[in-house]
Amino acid sequence: MAMIWIYREQGGVPDSLVAAFYAFAGGEAGFLGLIKHSDNKYNGSGGGTNTTDNPPGTDGGAG
C-alpha cells in the first residue's frame, strides 16, 4: 500500500523502498523454506515424494 500511495503522490517509487521490499520478501521465503526443510529432515517426512513408504489406500489415493 505504501508503494502505491508514494507512486500516486510523487509519480515514482524510490529504488531503496523497492529493494528493501524484495529483500524482506526473499528473506521471509528463505526462512519459511528453512522451516519446511527442517520439519521434513527431523520428522522423517519426505514431502510425499517416496510412494513406497506411503502407498495409496483402497480408493487409489483420491480424497
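Apart from neighbours within four places in sequence, Leu 17 is in contact (heavy atoms within 4.5 Å) with Met 3 and Ile 6. The structure is a predicted model, in which local features need pLDDT of at least 70 and side-chain atom pairs count only at pLDDT 80 or more, whereas totals for chains, interfaces and linings use all residues. Residues are numbered from 1 along each chain as its sequence is written, and side-chain values use heavy atoms, with hydrogens and water left out.

Leu 17 is found in helix H2. Its C-alpha atom is separated by 9.4 Å from that of Ala 2, 15 residues apart along the chain. With a relative accessible area of 28%, Leu 17 is partly exposed, a class that lies between buried (under 20%) and exposed (over 50%), computed with a 1.4 Å probe and protein chains only.

Helix H1 covers residues 2-10, and the count of buried residues among its nine residues is zero. Just after H1, Gly 11 takes a positive phi of about 85 degrees. Of the 63 residues in the protein, buried residues make up 0%. The accessible surface comes to about 5600 Å², and carbon and sulfur atoms hold 60% of this; areas come from the Shrake-Rupley method with a 1.4 Å probe, and for residues only the protein chains shown count as cover.

Helix H2 spans residues 15-43 and includes Leu 34, which is exposed at a relative accessible area of 52%. Phe 31, Leu 32, Leu 34 and Ile 35 form a nonpolar surface patch with about 400 Å² of accessible area together. Patch members have over 30% relative accessible area and no salt bridge; nonpolar side chains (Val, Leu, Ile, Met, Phe, Trp, Tyr) are joined within 5 Å, and like charges within 9 Å. A salt bridge is a side-chain nitrogen of Lys or Arg within 4 Å of a carboxyl oxygen of Asp or Glu.

One aromatic pair is found in the whole structure. Phe 21 and Tyr 22 form this pair, which is edge-to-face, at 5.5 Å centre to centre and 70 degrees between the planes. Rings of Phe, Tyr and Trp (its six-membered ring) pair if their centres lie within 6.5 Å; planes under 30 degrees apart count as stacked, over 60 as edge-to-face and the rest as tilted. Phe 21 is partly exposed at 43% relative accessible area, while Tyr 22 is exposed at 57%.

Note on methods
Helix = DSSP H or I, 4+ residues; strand = E, 2+ residues; numbered from the N terminus.
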